[in-house]
Amino acid sequence: MKLYIETLGCAMNVRDSEHIIAELQEKEGYTLTPNLNEADLILINTCSVREKPEQKLFSEIGQFAKHKKEGAKIGVCGCTASALGHEILKKSPHVDFVLGARNISKITSIIHTPKAVEVDTSHDDSMYVFSDSKPNGYRASLNISIGCDKQCAYCIVPFTRGKEISIPFTLIYEEAQKLVARGVKEILLLGQNVNNYGVRFSTAQPKINFTMLLQELSKIDGLQRIRFTSPHPLHMNDVFLDEFANNPKICKSIHIPLQSGSNKVLKQMKRGYTQEWYLNRIAYLKERVPNVSISTDIIVGFPGECDEDFEETMKVLESVRFDTLYSFIYSARPNTLSHSWGDKDNVPKDIAKQRLTRLQNRHREILRENSQNELGKRHTILIDSNKSSLADTFSEGKSDTNRLVRIQNEFVDIGEIVDVVITEVQGGTFYAKLL
């Protein structure tokens, strides 16, 4: 039996797909195939954050139904599955089952239940021990929590993934040890609000928070790098930021979602912090880690955003000078607070596009300036690809500050961690020589 799976969206979805694959391989005997036409089971792991997720989903289902072999099953999983539930079966007779993002531990039973729908967002997977997934190279992801307790006005995640529950420390630690034993050197910790870890467990657990979790995982021999996403600005206390700065195993890149620089808009978004708090946390962090790489998310054109509000966002962009920017025009999602406002205070699309263009153009200028500042600086990179031929020889990987670095004319084994100095910058790629 062969499995074809398409994964859309965030790192959490990627990890969910890894769990699904591992469960089906170990318990049902499936093997993975990149060929849709030969698959016995076709899964779409969906994302509801993407624009027009519903239209894209049914378009994909139509294409899969057209090309699948006779008797192959189609299953829809993930956040859009959680949001639409039975509606998917009503709209598409080609779908055999629907499995929500909070229910992936049920994959081995639902594939045997025709037209089943499992989308209970109160279902608790936090104590479930999934089959061992095979790490892809020297990097791996590890869930530390599921769900989200925040009620950001624009976000559908609490509706599709349910309340936030932390995974017990013992399960996280044991899985991390298994990954390292299989050769993993870098682990990415995943959660909707990773630095809120430990606030709620399903059962009685020893008191632990995210900073303590980082400290304990750092004790694992052979684990050389730790990353995490996404932390929430509201939970970035001094103790957490000090650990980030001082722990040599924690990579010095961090995603700190801003969403807007305007206090008025942040309040409407229900983000829970102000521009002043955000900039205070950035200043505290940069003082302790001058070379830190910071990425962020920004939404432009949120309902009620005026020119002055957008200028506040530009002000934060100039102050922080983000290394990576994920920016979007606001788009209402069903089952969110802002969707219930209707068209009230909507920003005209042409104005929102103008703001996005200005934001992105200025960020590109900042990137060029930031990149030039890296010339001559030292970085540590984990090699994840290489090539050796008469025509070209190189090795490349990500620095601890999450920059793509290529070492030209050098062949370094994949998985090696090496020190380099930056000699040239071309677009988003840094060129370096070995130290």
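Reply: A charge sits over a ring if NZ of Lys or CZ of Arg is within 6 Å of the ring centre and within 35 degrees of the ring normal. This is a predicted model, in which local features need pLDDT of at least 70 and side-chain atom pairs count only at pLDDT 80 or more, while totals for chains, interfaces and linings use all residues. Residues are numbered from 1 along each chain as its sequence is written, and side-chain values use heavy atoms, with hydrogens and water left out.

Me: Which ring does the charged end of R281 sit over?

Reply: The charged end of R281 sits over the ring of W277, at 4.8 Å from the ring centre.

Me: How many aromatic pairs does the structure hold?

Reply: There are 12 aromatic pairs. Rings of Phe, Tyr and Trp (its six-membered ring) pair if their centres lie within 6.5 Å; planes under 30 degrees apart count as stacked, over 60 as edge-to-face and the rest as tilted. F210 and F228 form an edge-to-face pair, because their planes are at 85 degrees, with the ring centres 5.2 Å apart.

Me: Where do F210 and F228 lie?

Reply: F210 belongs to helix 8 (residues 210-217) and F228 to strand 11 (residues 225-229), so the pair ties together parts that are 18 residues apart in sequence. Helices (H or I, at least four residues) and strands (E, at least two) are DSSP runs, numbered from the N terminus.

Me: What about F228 and F244?

Reply: Their ring centres are 6.2 Å apart and their planes at 80 degrees, so this pair is also edge-to-face. It links distant parts of the chain, F228 in strand 11 and F244 in helix 9 (residues 238-246), 16 residues apart.

Me: Is F244 buried or exposed?

Reply: F244 is buried, with a relative accessible area of 0%. Buried means under 20% relative accessible area, exposed over 50%, and partly exposed in between (1.4 Å probe, protein chains only). F228 counts as buried at 7% relative accessibility.

Me: Which residues have the most contacts inside the largest nonpolar core?

Reply: That core has 53 residues, and those with the most contacts inside it are L189, F210, F228, I254, Y278, L285 and I294. A nonpolar core is a set of buried Ala, Val, Leu, Ile, Met, Phe, Trp, Tyr and Cys residues joined through side-chain atoms within 4.5 Å. Helix 12 (residues 307-320) gives the most to this core, with 5 residues. Apart from it lies another core of 19 residues, among them I42, I44, L84 and L89.

Me: Changing topic, which residues does UniProt list for "binding site"?

Reply: The unreviewed UniProt entry lists C10, C47 and C79. UniProt positions are given in the numbering used here, feature names are shortened, and annotations may be inferred rather than shown by experiment. Although spread over 70 residues of sequence, the three cluster in space, with a largest C-alpha distance of 10.7 Å.

Me: Where is C10 found?

Reply: C10 is in the loop between strand 1 (2-7) and helix 1 (11-28), and is partly exposed, with a relative accessible area of 37%.

Me: And what is C79 in contact with?

Reply: Leaving aside neighbours within four places in sequence, C79 is in contact with T46, C47, S48, A101, T160 and R161, where contact means heavy atoms within 4.5 Å. C79 lies in helix 3 (residues 79-84) and counts as buried at 7% relative accessibility.
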